[in-house]
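Trainee: Could you take me through one spot in this protein at close range? I'd like to hear about a single residue and its neighbours, then how the rest of the chain is put together.

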Amino acid sequence: MASVLVVEDDQFVRSALIRHLTDAAHTVRSVGAALEALREVAHFRFDVVILDLGLPDLDGSEALKMLRGITDVPVIIATARDDETEIVRLLNAGADDYLTKPFSVDHLSARIAAVLRRARSAGAEATPSAVLRVGGLAVDPLRRQAELDGVRLDLTRREFDLLAFLAGRPGVVVPRKELLAEVWQQSYGDDQTIDVHLSWLRRKLGETAARPRYLHTLRGVGVKLEPPVDGDPR
């Protein structure tokens, strides 16, 4: 199925994860420290990393930043921390998903499957496509690049996926369920996941939820991307 690296210092939790993932036909390697995880990803190819934050040598968020410096392997954060600021920081640092402990093995399996589907879809051979233009936004799905008024946007993988999906449907209100299904490859999930990514995407577009230019949220309905009205101040 998939090659999984489990980074968890609690031996009991680590053993349970290894047993479950092995029973699900995954190939599993495990370590109990951040520096060991960095050595593993430098020497072996993994399809997904499950990263605990409470590691003995480095905080998991620092380990995530270091991982992102050497690999783009999908990372699922496993954490007991549920503070929104912390979640935002992790997603912005490059996490693909997060789970709050304690979580069930079925929940973990669903998140792994969703991340792997998304990674395989992104890694599949792309077909040439036109650059998507919405106002001053230019989104190139093939090169996975986006610009605003000619300036390159520094987007995470998930931020780009979200922007590209909305840019392909300019002016259309996309329900949150559809965003979860198409961007996150999940049939269910927490609205907070979408809100966090929208918040960071707005910052990079130079706008806020209170004063939107491109991204508009219709409470209880969905999200749409449309060009700003003429004369709309930045």
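Mentor: Let's start with H197, which sits in helix 8 (residues 191-204). Helices here are DSSP runs of H or I with at least four residues, strands are runs of E with at least two, and both are numbered from the N terminus. Before going further, keep in mind that this is a predicted model, where local features need pLDDT of at least 70 and side-chain atom pairs count only at pLDDT 80 or more, while totals for chains, interfaces and linings use all residues. Residues are numbered from 1 along each chain as its sequence is written, and side-chain values use heavy atoms, with hydrogens and water left out.

Back to H197: it counts as buried because its relative accessibility is 4%. The cut-offs are under 20% relative accessible area for buried, over 50% for exposed and partly exposed in between, with a 1.4 Å probe and protein chains only. Leaving aside residues up to four places away in sequence, H197 touches L91, R158, E159, L162 and W184; a contact means heavy atoms within 4.5 Å.

Now for strand 12 (residues 222-225), which is covered on both faces. G222 and K224 are buried on one side, and V223 and L225 are buried on the other. Strand 12 has an antiparallel partner in strand 11 (residues 215-218), with four bridges between them; pairing needs at least two bridges found by DSSP. In that pair, T217 lies opposite V223. Three residues separate strand 11 from strand 12 in a hairpin, and G220 in the turn has a positive phi of about 80 degrees. Strand 10 (residues 174-175) also runs antiparallel to strand 12, joined by two bridges, and P175 stands opposite G222.

Stepping back to the whole protein chain, you get eight helices and twelve strands. Of its 234 residues, 45% count as buried. Among contacts between residues at least 6 apart in sequence, 55% join residues at least 24 apart. The C-alpha trace spans about 60 × 35 × 30 Å along its principal axes.
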